[in-house]
Amino acid sequence: RQLRYLLNMIIFFLLIGIAWFISRIKSSKAVMRESQERMEHALEGTNNGLWDWDIQHSDLYLSPRFEVTLGYAAGEINTRVNSLKALIHPDDIGMVRQKLAEHLRGKSSIFESEHRTRTKDGSWIWTQVCGKVVERDDNQKALRMVGTQTDITERKMVEEQLQQGAMVFETVSEAVAICNRENRIIAVNQAFTDITGYGDEVIGKDPKILSSGKHDQAFHAAMWSELMETVVWQGEI
């Protein structure tokens with residue numbers, strides 16, 4: 001009887017301990033869920049998706065915005081880490097892995113990557129992914145990481161167009177000078193320097209420094225009038 005009583009007491013306390021442990025887990029998950037909801041509310045109305053990676057338990061949460069950005073319905077993306085790696089462009093995966101590994105080891109204050117990500121229809125978009133380890137153990141091993149994902153495809157297209165424009169600006173054979181609204185030169189290309197002999201010393205100056213003095217005021221007045229009315233003037237000086 002005493003042994004049976006002792007065993008029953010042990011089982012009783014074990015059940016209490018298990019119940020307490022389960023309640024702590026549920027409480028922890030509830031706190032995490034509330035934290036995710038607060039972050040999602042903070043990001044509402046923006047183009048940012050939220051991700052929350054429980055590294056210790058290999059549990060990854062993706063917000064609905066994260067999935068919608070890639071053309072998926074909420075809950076449709078396989079949240080296994082290996083599955084998500086397949087969404088990153090093969091030419092970018094090495095860079096992403098290196099930056100992530102450096103951050104997990106504490107070598108960087110924040111994880112940030114701009115890379116191509118595959119959408120549900122198989123096309124590629126540019127995304128900016130930022131994150132930070134928010135929890136580490138006593139040995140500084142990363143336990144939890146939280147971050148955002150933003151579609152930056154449009155920005156990348158603009159940057160590419162600007163780069164192409166800059167290349168044309170520098171390689172075109174015609175002299176080009178760019179002026180601001182105050183009619184001050186802010187940039188000249190190499191052809192401008194080759195033809196006029198002027199280089200960086202004209203930056204910030206009025207284009208009239210090139211005036212030869214061989215045209216009267218009426219000529220310049222007509223030129224500027226046409227520029228203001230039609231945005232284009234063509235002629236010989």
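**Figure 1. Surface and fold of the predicted chain.** The chain exposes about 16,800 Å², of which carbon and sulfur atoms supply 55%; accessible areas come from the Shrake-Rupley method with a 1.4 Å probe, and for residues only the protein chains shown count as cover. The model is predicted: local features need pLDDT of at least 70, side-chain atom pairs count only at pLDDT 80 or more, and totals for chains, interfaces and linings use all residues. Residues are numbered from 1 along each chain as its sequence is written, and side-chain values use heavy atoms, with hydrogens and water left out. Seven helices and seven strands are present, in the order α-β-β-α-α-α-β-β-β-α-β-β-α-α from the N terminus. Helices (H or I, at least four residues) and strands (E, at least two) are DSSP runs, numbered from the N terminus. Of the 237 residues, 25% are buried (under 20% relative accessible area; exposed is over 50%, partly exposed in between; 1.4 Å probe, protein chains only). Among contacts (heavy atoms within 4.5 Å) with a separation of 6 or more, 35% are between residues 24 or more positions apart.

**Figure 2. Salt bridge between aspartate 92 and arginine 116.** The N to O distance in this pair is 2.9 Å; a salt bridge is a side-chain nitrogen of Lys or Arg within 4 Å of a carboxyl oxygen of Asp or Glu. Because aspartate 92 lies in the loop between α3 (81-85) and α4 (93-104) and arginine 116 in strand β3 (residues 111-118), the pair ties together parts that are 24 residues apart in sequence. Aspartate 92 is buried at 7% relative accessible area, whereas arginine 116 is partly exposed at 23%. The whole structure holds seven salt bridges.

**Figure 3. Salt bridge between arginine 155 and glutamate 114.** The closest N and O atoms are 2.7 Å apart. Arginine 155 belongs to helix α5 (residues 153-171) and glutamate 114 to strand β3, so the pair ties together parts 41 residues apart in sequence. Both residues are partly exposed: arginine 155 has a relative accessibility of 34%, and glutamate 114 has a relative accessible area of 25%.

**Figure 4. Salt bridge between arginine 155 and glutamate 159 within helix α5.** Here the closest N and O atoms are 3.1 Å apart. The two residues are four positions apart, about one turn of the helix. Glutamate 159 is partly exposed, at 30% relative accessible area. Through salt bridges that share partners, Glu114, Arg155, Lys156 and Glu159 join into one network.
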